[in-house]
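Subject: Structure handover and notes

Hello,

Here is the structure we talked about, with my notes below it. Please keep the model open while you read.

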Amino acid sequence: MVRRGGVAAAALMAMTMLTPATSVAQDDQETITGVMHSGLRVLDPIITTAHITRNHGYMIYDVLLAQDEDFQPHPQMADWEVSDDNLVYTFTLRDDLVFHDGEPVTSEDVVASLERWGKIDSGGQQIFDVTESLEATDEKTVTWTLSEPFPPMLQVLSKQSARPAFIMPKRVAETPADSNIEEYVGSGPFVFNEEEFDPGQKVVYDKFEDYVPRDEDPNWMAGGKDVKVDRVEWVTMSDMQTAVNALAEGEIDYIEQVEVDLLPILEANPDVTVERRDPLGYQTIGRMNFKHPPFDNEKIRQAALLALSQEDVLATMIGNPEYYELCGSVFGCGTPLEDESGAESLLSGGDPEAAQALLEEAGYDGTPIVLMQPTDVASLDDQPVVAAQAFREAGFEVDMQPMDWQSVVSRRASMDPPDEGGWNIFFTNWQLPEVADPLINPMLNSRGDSAWFGWPEDEHMEDLRSQYIDAASEEERKEIASEIQAYALETVNYIPLGQYFMPQARQNNVVDMIQSPVPVFWNIDKE
């Protein structure tokens, strides 16, 4: 099946991108050209949780700590020590850390970066709730002192998403957390080529020759980031059929997410490898705006949940049941905290009659719900269409507004009323490591204006998350997580719509790609 959109126009765009002026002119360089799941427009990986911006962040920035495939933290930029009372964490930067502008990375850069990250990240906010001081005690040492123990400290600092604690120069990190940075200098393995950046269409990264990788084997986001190519180009092809054809013809090297119904074309090509890079998959979700009618009303949010069916969404979105599964857990299925309490209607096909009755009970007055519909990302363009139909059948008035995904990313940050450029609901996807516990899961942050987009303000949810931190055992922690699950579905903090897998595809001569949820381009080689 060919997706919506003009194949001819997309093909012309793709041909333009791959002319000798861009790729072929790099004959003396080893270049990997990839089509990612979305074009890149927002360049600040702290101000947004968009995956494409996070992926961009990993190209040019580094982190203090990183997690391996067992979710265990490892030193990346720094080693650490913890005091006997678990209140003082001392981080010591390793040698040879330098920013792309030639300046050394210092502890002052680290402190400024962590403070900015902590103002907006869900887990970071909770660490800073119990922070007594965060100081640069010398050029290579950071001392972080807590007022009370925070057991998941290292796990939160080393998490791979949604907002990794990327380290930036102090002058950049001093940008307010609610404003975009305007300088893109990191100390990571690639340099952002700003001259060749075409927002939404093309991004170029050059190997950072002065980057010194750790002398360790790579393991997910941990270990040595050994860059083996000279240049990486991300080009945008909004039509997947065009991208598949380009890969089959050898015009590009890699596609991050291939639509399942187009897999047979590539599976029949002996020069192409199709595989699951991410062993855990994604959770697709709906998020409502708590600040404005009608979803400021809990009963109307509950009606929206009752209207939806996971099977309808996933079958339309993915098609092949081998690549999706029903799951009502806000923490994802197959994770230690899996629990599906409160998701019965989602798993059983929805209950539009109950939704209608609840809308009437809530006094819904026909206020149209502004539903943002991205049209250029294969894994995001079906959920709004299915949901809009289900909402209408339940009695909602729906104003579905099509736009590209980067416009959704920008607009969802607006707190304005829906009729003044705001919104009521949008759909997005998370990799399971991003939602697998109450501290990392951005949607469960319920701190009002400082929460994730949608901005729920809920003291009881915050109390439950604090209890989770303070739990004395894993058994107690799981019990509290089950309470959070039930409460999140009761208040409709968000709507979990199931799990799915998106295969990737690459030329056979692109080898040694790390099998991590985040697509990274270190260690990868082109034979």
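This is a predicted model: local features need pLDDT of at least 70, side-chain atom pairs count only at pLDDT 80 or more; totals for chains, interfaces and linings use all residues.

Backbone

D512 is listed here for its phi, which is positive at about 65° although the residue is not a glycine. Most residues other than glycine have a negative phi, and most peptide bonds are trans. With a relative accessible area of 46%, D512 is partly exposed. F71 also has a positive phi, near 65°, and is likewise a residue other than glycine. F71 belongs to the loop between β3 (65-67) and β4 (73-75). Its relative accessible area is 34%, so F71 counts as partly exposed.

There are cis peptide bonds to look at as well. One joins S161 and A162, with omega at about 0°. A162 lies in the loop between α5 (153-158) and β9 (166-167). Another cis peptide bond joins P293 and P294, and here omega is about 5°. P294 is placed in the loop between β15 (282-288) and α9 (298-307).

Helix α3

Helix α3 covers residues 107-120, which makes 14 residues. At 1.5 Å a residue the helix should span 20 Å, and its end C-alpha atoms are 21 Å apart, so the two values agree. How many of the residues of α3 are buried? The count is 11 of 14, so the helix is mostly covered. Among the buried residues are the charged D109 and R116, along with V110, V111, L114, W117 and I120. S107, A112, S113 and G118 are buried too.

E108 is also in helix α3. E108 and T49 are 59 residues apart in sequence, and their C-alpha atoms are 25 Å apart in space.

For a contrasting pair, take T316 and V386: they are 70 residues apart in sequence and 7.7 Å apart in space, C-alpha to C-alpha. T316 is in helix α10 (residues 310-317) and is partly exposed, with a relative accessible area of 41%.

Salt bridges

How many salt bridges does the structure hold? There are 22. Side chains of opposite charge can pair when their charged atoms come close.

One of these salt bridges is between the side chains of R54 and E434, at 3.5 Å from N to O. The pair links distant parts of the chain, 380 residues apart: R54 is in helix α2 (residues 51-60), and E434 is in the loop between β19 (425-431) and α15. Both R54 and E434 are buried.

R231 and E196 form another salt bridge, with the closest N and O atoms 2.8 Å apart. R231 lies in strand β12 (residues 231-235) and E196 in the loop between β10 (190-192) and β11 (202-207), so the bridge ties together parts that are 35 residues apart in sequence.

K170 is partly exposed, with a relative accessible area of 33%.

Surface charge

Which residues form the negative surface patch? They are E148, D470, E475, E476, E479 and E483. Helix α16 (residues 474-491) supplies the largest share of the patch, four residues. An α-helix has 3.6 residues a turn, so residues three or four places apart point the same way. D470 is in helix α15 (residues 459-470). D470 counts as exposed because its relative accessibility is 51%, over the 50% cut-off.

Regards

Methods:
Residues are numbered from 1 along each chain as its sequence is written. Side-chain values use heavy atoms; hydrogens and water are left out. Helices (H or I, at least four residues) and strands (E, at least two) are DSSP runs, numbered from the N terminus. The expected span of a helix is 1.5 Å times one less than its number of residues. Buried means under 20% relative accessible area, exposed over 50%, partly exposed in between (1.4 Å probe, protein chains only). Patches are made of residues with over 30% relative accessible area and no salt bridge: like charges are joined within 9 Å, nonpolar side chains (Val, Leu, Ile, Met, Phe, Trp, Tyr) within 5 Å. Accessible areas come from the Shrake-Rupley method with a 1.4 Å probe; for residues, only the protein chains shown count as cover. A salt bridge is a side-chain nitrogen of Lys or Arg within 4 Å of a carboxyl oxygen of Asp or Glu. The place of a charge is taken as NZ of Lys, CZ of Arg, CG of Asp or CD of Glu.
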